[in-house]
Amino acid sequence: MAVTARPVHEDTVPEPTAGRRLLDKVFKVRELAVAGVLVVMLLATELSNTEFLSEQGVKDLLLNATILALVATGQAVVVITRNVDLSVGSVLGISAFAAGNYLQGGGSSVLAVLYAVAVGAVFGVLNGALVSLGKVPALVVTLGTLYVVRGIDSIWVGSDQIVAADLPDGFVDFGHDGLWVVPYLALLAVAVLLCVGYYLRSYRSGRDMYALGSSPEAANLAGVPVRKRIMTAYVLCGALAGLAGALYLARFGNVDSATGNGYELTVVSAVVVGGVAFTGGSGTVYGAALGALLLTSINSVLPAIGVSSVWVTAINGILLLLAIAVDRILALRVAAVLRKQAAQMRSARHA
Amino acid sequence: MTHPEPETTPVLALEGVSKSFGAVRALRGVSLRLYAGEAHALAGENGAGKSTLIKALAGVHRPDTGTVLLDGAPVEFHGPADARDAGVAVIYQEPTLFPDLSIAENIFMGRQPRRSLGRVDHRAVKEATAALFARLGVDLDPDQPARGLSIADQQLVEIAKALSFDARVLIMDEPTAALTGSEVARLFGVVTTLREQGAAVLFISHRLEEIFGLCQRVTTLRDGAWVASEPLDGLTEDDLVRRMVGRDLDELYPKQAAEIGEVALSVRRLTREGVFTDVSFEVRRGEIVGLAGLVGAGRSEVARAVFGVDRFDGGEVEVLGRTLKPGAPSLAMHAGLALVPEDRRAQGLVMDMSIERNIGLTGFADTSRAGLMNRRAERSRSLDWSVKLQVKYARLADVVGTLSGGNQQKVVLAKWLATGPQVLIVDEPTRGIDVGTKAEVHRLLSSLAAEGVAVLMISSDLPEILGMADRVLVMHEGRVTAELPRSEVTEESVMAAATGRVA
């Protein structure tokens with residue numbers, strides 16, 4: 001029988017772990033890269049404007065980032081499961097108003113925060129149910145709930161407004177004070193971030209979220225309770241949006257029917273800039289929080305170095321495109337390395 | 001026919017199970033009993049319903065009628081998790097891994113060892129994985145992400161996954177398809193140990209010698225129906241093949257003599273890094289060339305590159321003396337090439353569109369003028385080909401998703417034959433279709449060849465390759481390892497080349 005000869009000549013000796021190491025690095029470095037950009041940017045700004053990283057400057061920076069980081073944490077969990085929640089801006093708005101409304105009537109601050117979280121969680125249940133049971137793409141479902149929630153908010157709030165004067169002093173102080181330069185709000189956000197990050201890394205249900213986003217079909221075959229996990233992700237995301245609403249109220253003391261309008265897009269940008277793959281299965285909440293910090297820092301950096309703030313939106317957009325481009329290029333390079341590696345191992349086996 | 005069965009209650013059994021998908025009846029009243037300490041083979045041709053049966057046992061599909069029995073008591077598996085908790089481990093033919101997660105996590109997903117407060121013990125996960133790999137004699141890093149693993153390595157991860165819990169029932173759907181000889185031997189060693197420890201094993205393989213080597217009992221399926229369950233002792237390979245095919249091979253493979261003409265398709269040193277390497281072959285007018293090999297050997301990838309769906313890194317493709325521009329399927333179509341893809345549901349058809357529209361997709365050049373479509377021309381062209389290929393339908397406007405698998409395949413064929421190809425590449429043309437339609441498809445391919453069309457037929461169905469091809473190319477791990485004339489083609493020679501066992 002005729003067997004064709006197979007001339008195999010690879011110049012290099014196969015180094016089976018090279019591609020693997022590269023992969024490891026890519027996964028770990030993604031967050032580091034965001035952190036690096038952030039540090040460089042802040043230091044450069046500080047050099048040109050020494051007022052920038054003053055005590056008040058740092059405090060403002062952290063306060064501004066806190067709310068976005070909280071919502072981005074929840075959003076990251078949803079994105080890791082290969083879904084998205086566009087209703088977070090609306091949920092933030094309605095939770096903030098709910099908490100404010102309750103405090104106006106003389107309620108306790110702690111209960112107000114819990115109330116906001118509960119309102120957020122209820123909308124999370126709604127989103128989760130629609131996405132997991134309806135089997136409708138999350139993008140469309142949550143676009144729908146975005147408008148529905150905003151509509152309910154508008155009817156409820158009407159032309160009312162909550163102002164800081166209506167709120168208990170303790171609650172308003174909580175929104176401004178802190179330990180040295182670190183505001184209480186930021187401490188709370190960091191605590192939440194660490195809990196969620198630890199949950200995703202160290203609990204079976206947390207690992208299930210990654211499995212689900214990486215390959216829904218394999219997750220089903222592996223016995224991952226798909227619907228339950230999607231529900232968990234949305235409830236968590238909703239609850240964090242609710243918490244962020246309460247913090248928003250504490251920080252700004254001012255809530256009306258437009259609060260949180262358009263916020264969802266900033267949140268999604270932060271998550272993607274922070275290295276959470278939009279196709280699910282990879283990324284961390286820490287990355288998302290760093291992304292949030294980076295995006296909000298730009299808001300402060302540009303005025304500090306004398307650039308008009310009208311540029312902020314455009315620069316945010318460019319950052320987003322850059323982040324996606326970097327991810328894509330890295331993915332292609334990793335794929336090329338893996339293919340080459342497979343070819344080498346194959347020819348080594350044939351040699 | 002009587003055959004002694006063990007007196008004990010089967011660990012897992014199916015009684016009178018039927019399952020339909022739309023118009024396709026995948027299983028019809030099938031029964032199967034798996035006993036502790038026994039390896040049971042499941043035999044049948046492609047499309048006989050083996051995979052559906054496995055999915056019924058694994059809780060993926062719920063039977064329409066009939067029952068699943070666990071230790072003699074009826075159970076209902078509401079999902080794969082239920083089956084897994086009942087001790088049923090399944091190794092699927094197509095590995096289903098999480099590309100973003102590490103190998104260790106892939107193996108223990110949902111069952112990770114835990115430490116205090118229910119936290120996942122990542123170190124224990126890694127150590128347990130390393131221990132499993134040591135037992136299997138596999139050299140893989142538990143920390144490596146599953147993305148980029150070869151099919152064989154993926155299969156090994158699947159096997160490790162199935163072994164990682166104390167399975168009472170181990171189901172293996174062609175686990176050896178991509179493995180080397182030593183890996184197969186080691187797997188069989190582990191399986192035999194498990195069986196001796198009292199596990200029930202269900203084993204599917206196209207390699208009959210593996211069935212005879214590993215198993216004690218065999219159940220045969222044909223066209224979704226139960227044919228026989230019997231001990232393998234005293235059965236010959238020929239007996240088994242006869243039960244599987246159930247008719248004379250001549251009838252199923254109506255090969256006509258055709259005049260072999262000039263070279264129509266010439267592929268020279270085609271390479272796509274890491275996928276296939278240095279692939280060269282020719283197909284002449286009137287010739288049916290079979291392209292055999294195991295799943296993942298790179299056959300479909302070669303076809304896709306030839307047709308221009310995927311790019312390639314080196315080499316060239318010539319159709320009727322004209323070099324094709326790489327990566328341009330529409331130019332390939334113009335040059336007289338047609339590709340009937342492997343997965344008709346995902347690649348061959350637009351499932352929500354009508355028969356008429358699906359066939360019309362390849363004919364816009366003929367059925368439109370100045371950019372405007374002529375519906376009547378499209379309709380008559382579609383009708384013409386549907387009738388020629390005897391597609392069974394109620395109305396041409398019916399959505400193709402409602403047709404049976406065999407009829408869907410005919411629509412895909414019609415869609416491409418309507419372009420009047422000189423070179424036809426068919427990828428798994430009869431996968432998952434009933435025997436009757438299968439014979440029709442074979443007759444069609446044969447008559448096309450007789451009319452002077454050059455046919456390249458990719459198939460995992462060995463009898464089909466043996467019955468239809470004038471010449472057989474065999475691929476193994478991205479390379480063409482053998483080219484066999486019809487006179488030298490046997491199951492053994494093809495399998496030897498496909499598993500890389502030739503020197």
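At 42% relative accessibility, Asp71(B) counts as partly exposed, a class that lies between buried (under 20% relative accessible area) and exposed (over 50%), computed with a 1.4 Å probe on protein chains only. The structure is a predicted model in which local features need pLDDT of at least 70 and side-chain atom pairs count only at pLDDT 80 or more, whereas totals for chains, interfaces and linings use all residues. Residues are numbered from 1 along each chain as its sequence is written, chains are lettered from A and ligands numbered from 1 in the order in which they are written, and side-chain values use heavy atoms, with hydrogens and water left out.

Over all chains, a search of the whole structure finds 27 salt bridges, each defined as a side-chain nitrogen of Lys or Arg within 4 Å of a carboxyl oxygen of Asp or Glu. One of these joins Asp71(B) to Arg168(B), with 2.8 Å between the closest N and O atoms. Asp71(B) belongs to the loop between β4 (65–70) and β5 (73–75) of chain B and Arg168(B) to the loop between α5 (151–163) and β7 (169–173) of chain B, so the pair ties together parts that are 97 residues apart in sequence. Helices (H or I, at least four residues) and strands (E, at least two) are DSSP runs, numbered from the N terminus. Arg168(B) is partly exposed, at 33% relative accessibility.

A salt bridge is also formed by the side chains of Glu262(B) and Arg285(B), at 3.0 Å from N to O. Glu262(B) lies in the loop between α9 (249–252) and β11 (263–272) of chain B, and Arg285(B), 23 residues apart from it, in the loop between β12 (276–284) and β13 (288–293) of chain B. The relative accessible area of Glu262(B) is 48%, which makes this residue partly exposed.

Asp310(B) and Arg304(B) likewise meet through their side chains in a salt bridge (3.0 Å, N to O). Asp310(B) is buried, with a relative accessible area of 18%, while Arg304(B) is partly exposed at 28%. Arg268(B), Glu316(B) and Glu318(B) are joined into one network by salt bridges that share partners.
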